[in-house]
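Trainee: Hi! Could you walk me through this one while I look at it?

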Amino acid sequence: EERKAAKIAVATEKTRLLVERKAEVRGQQVANLKTAQKMIVEGFKIEMISKMTGLDVETLNQLEKESYVGDV
């Protein structure tokens with residue numbers, strides 16, 4: 001019974017760490033998108049934005065289209 005409880009505790013901790021890591025990655029992605037949007041508005045070239053943020057050119061082109069419609 002104790003072994004079973006220990007295994008469950010380990011699995012629960014691994015799951016918590018995985019969820020936490022995914023949240024961190026998503027948070028960084030959102031931050032990169034916000035930074036890219038500001039750079040687009042400031043007139044940076046898409047290639048430079050891609051280099052600086054790690055976002056792909058296709059995503060940035062879509063963001064550029066949206067930037068002229070919405071706010072930063």
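Trainee: Which hand does the crossing of α2 and α3 have?

Mentor: The crossing of α2 and α3 is right-handed. Keep in mind that this is a predicted model.

Trainee: Okay! At what angle do the axes of α2 and α3 cross?

Mentor: Helix α2 covers residues 46–53 and helix α3 covers residues 57–67, and their axes cross at roughly 120 degrees, coming within 10 Å. That makes α2 oblique to α3.

Trainee: Which residues make the contact there?

Mentor: From α2 you have Ile46, Ile49 and Ser50, and from α3 you have Val57, Leu60, Asn61 and Glu64. Sorted by class, the contact of α2 with α3 has four nonpolar, two polar and one charged residues.

Trainee: Leu60 is on that list. Is Leu60 buried or exposed?

Mentor: Leu60 counts as buried, because its relative accessibility is 0% and buried means under 20%. You'll find Leu60 in helix α3.

Trainee: What is Leu60 in contact with?

Mentor: If you leave aside its neighbours within four places in sequence, Leu60 is in contact with Ala36, Ile40, Ile46, Ile49, Ser50 and Leu55.

Trainee: And how far is Leu60 from Met48 in space?

Mentor: Leu60 and Met48 are 11 Å apart, C-alpha to C-alpha, and they are twelve residues apart in sequence.

Trainee: New topic: how do α1 and α2 pack?

Mentor: The angle between α1 and α2 is about 155 degrees, and their axes are 10 Å apart. An angle over 145 counts as roughly antiparallel, so α1 and α2 are roughly antiparallel to each other. Here α1 passes α2 in a right-handed crossing.

Trainee: Which residues meet between α1 and α2?

Mentor: On the α1 side there are Asn32, Thr35, Ala36, Met39 and Ile40, and they meet Ile46, Ile49, Met52 and Thr53 in α2. By class, the contact of α1 with α2 has six nonpolar, three polar and no charged residues.

Trainee: Tell me about Thr53. Buried or exposed?

Mentor: Thr53 is buried, with a relative accessible area of 10%. Thr53 lies in helix α2.

Trainee: What does the side chain of Thr53 reach?

Mentor: The side chain of Thr53 reaches the backbone oxygen of Ile49, at 2.8 Å. Not counting residues up to four places away in sequence, Thr53 also touches Asn32, Thr35, Ala36 and Met39.

Trainee: What about the pair α1 and α3? What angle do they pack at?

Mentor: About 60 degrees, with the axes of α1 and α3 10 Å apart. The two helices are therefore oblique to each other, and α1 passes α3 in a right-handed crossing.

Trainee: Who meets whom between α1 and α3, and which classes are they?

Mentor: Leu33, Ala36, Gln37 and Ile40 in α1 meet Thr59, Leu60, Leu63, Glu64 and Ser67 in α3. That contact of α1 with α3 has five nonpolar, three polar and one charged residues.

Trainee: Last one, Gln29. Where is Gln29 placed?

Mentor: Gln29 sits in helix α1, which covers residues 2–41. Gln29 is partly exposed, with a relative accessible area of 36%.

Trainee: How far apart are Gln29 and Gly54?

Mentor: Gln29 and Gly54 are 25 residues apart in sequence, and in space they are 9.3 Å apart, C-alpha to C-alpha.

Key:
Residues are numbered from 1 along each chain as its sequence is written. This is a predicted model: local features need pLDDT of at least 70, side-chain atom pairs count only at pLDDT 80 or more; totals for chains, interfaces and linings use all residues. Side-chain values use heavy atoms; hydrogens and water are left out. Axes are lines fitted to C-alpha atoms, for helices over the stretch in contact, and angles run from 0 to 180 degrees between N-to-C directions. Helices (H or I, at least four residues) and strands (E, at least two) are DSSP runs, numbered from the N terminus. Angles under 35 degrees count as roughly parallel, over 145 as roughly antiparallel, 65 to 115 as roughly perpendicular and the rest as oblique. A crossing is left-handed if the near helix is turned anticlockwise from the far one by less than a right angle, and right-handed if clockwise. Contact means heavy atoms within 4.5 Å. Ala, Val, Leu, Ile, Met, Phe, Trp, Tyr, Cys and Pro count as nonpolar, Asp, Glu, Lys and Arg as charged, and the others, Gly among them, as polar. Buried means under 20% relative accessible area, exposed over 50%, partly exposed in between (1.4 Å probe, protein chains only). A polar contact is a pair of N or O atoms within 3.5 Å; within protein, one must be able to donate a hydrogen and the other to accept it, and residues adjacent in sequence count only if both atoms are side-chain atoms.
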